[in-house]
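The stops below can be selected one after another.

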Amino acid sequence: MHYHIVEDKDGDTVDAIPYCSDFCNKEGQGDKYRGWNGCHEGADYDQECANCGEVIRGLDYYKEQDCSHEWRECITTDGVVVAHSCNKCGAWKKTEAGLLTSE
Ligand SMILES: [Zn+2]
Ligand SMILES: [Zn+2]
């Protein structure tokens, strides 16, 4: 999933608006769109996309899925593999690189 991070003047994160996709992030934020910000592990609970209203399943949902995960790499524009997402159920897991938060 994707988050649009809102920071205060000191650069501290004050809010994270959930989006189901980069497309919805762009459409929802318009001029405030801050670039690709995907591959976030969601919250434990279900959230709704702030743009289209699609339900973004939380981690608890995936824990209950009986899925033999089929992982694909999620790569940033810098070519860093930050996460893997399952083709079948959409679950996420972060790589070590993904644990580094963006500046
Ligand atoms: Zn959406
Ligand atoms: Zn899966």
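Why does Gln65 count as partly exposed? Select Gln65 and look at what surrounds it. Gln65 has 13 C-beta neighbours inside 10 Å, and therefore counts as partly exposed. The cut-offs place a residue with 12 or fewer such neighbours among the exposed and one with 20 or more among the buried. Keep in mind throughout that this is a predicted model.

Stay with Gln65 for a moment. This residue sits in the loop between α2 (59–63) and β5.

**The whole chain**

Two helices and seven strands make up its elements. Followed from the N terminus, they come in the order β-β-α-β-β-α-β-β-β. Of the 103 residues, 17% count as buried. Among contacts with a separation of 6 or more, 32% are between residues 24 or more positions apart.

Select residues 2–7, which are strand β1, and residues 13–19, which are strand β2. These two strands run antiparallel and are joined by six bridges. Then show Tyr3, which stands opposite Pro18 in β2. Next, move to the turn: β1 and β2 form a hairpin with five residues between the strands, and Gly11 there takes a positive phi near 85°.

**The three-stranded sheet**

Go on to β5, β6 and β7. These three strands form an open sheet in the order β5-β6-β7, with antiparallel pairing. Its edge strands are β5 (71–75) and β7 (92–94), each of which pairs on one side only. On average, neighbouring strands of this sheet are turned by 30° against each other, direction ignored.

Select β5 together with β6, residues 81–86. Five bridges pair them in the antiparallel sense. One place to look is Ile75, whose bridge partner in β6 is Val81. The two strands form a hairpin with five residues between them, and Gly79 in the turn has a positive phi of about 85°.

Show Ser85 and Trp92: Trp92 is the bridge partner of Ser85 in β7. β6 and β7 also form a hairpin with five residues between them. Finish the tour at Gly90, in the turn of that hairpin, which has a positive phi of about 85°.

Notes: Residues are numbered from 1 along each chain as its sequence is written. Chains are lettered from A and ligands numbered from 1 in the order in which they are written. This is a predicted model: local features need pLDDT of at least 70, side-chain atom pairs count only at pLDDT 80 or more; totals for chains, interfaces and linings use all residues. Helices (H or I, at least four residues) and strands (E, at least two) are DSSP runs, numbered from the N terminus. Two residues are in contact if their C-beta atoms, placed from the backbone, lie within 7 Å. Two strands pair if DSSP finds at least two bridges between them. Axes are lines fitted to C-alpha atoms, for helices over the stretch in contact, and angles run from 0 to 180 degrees between N-to-C directions.
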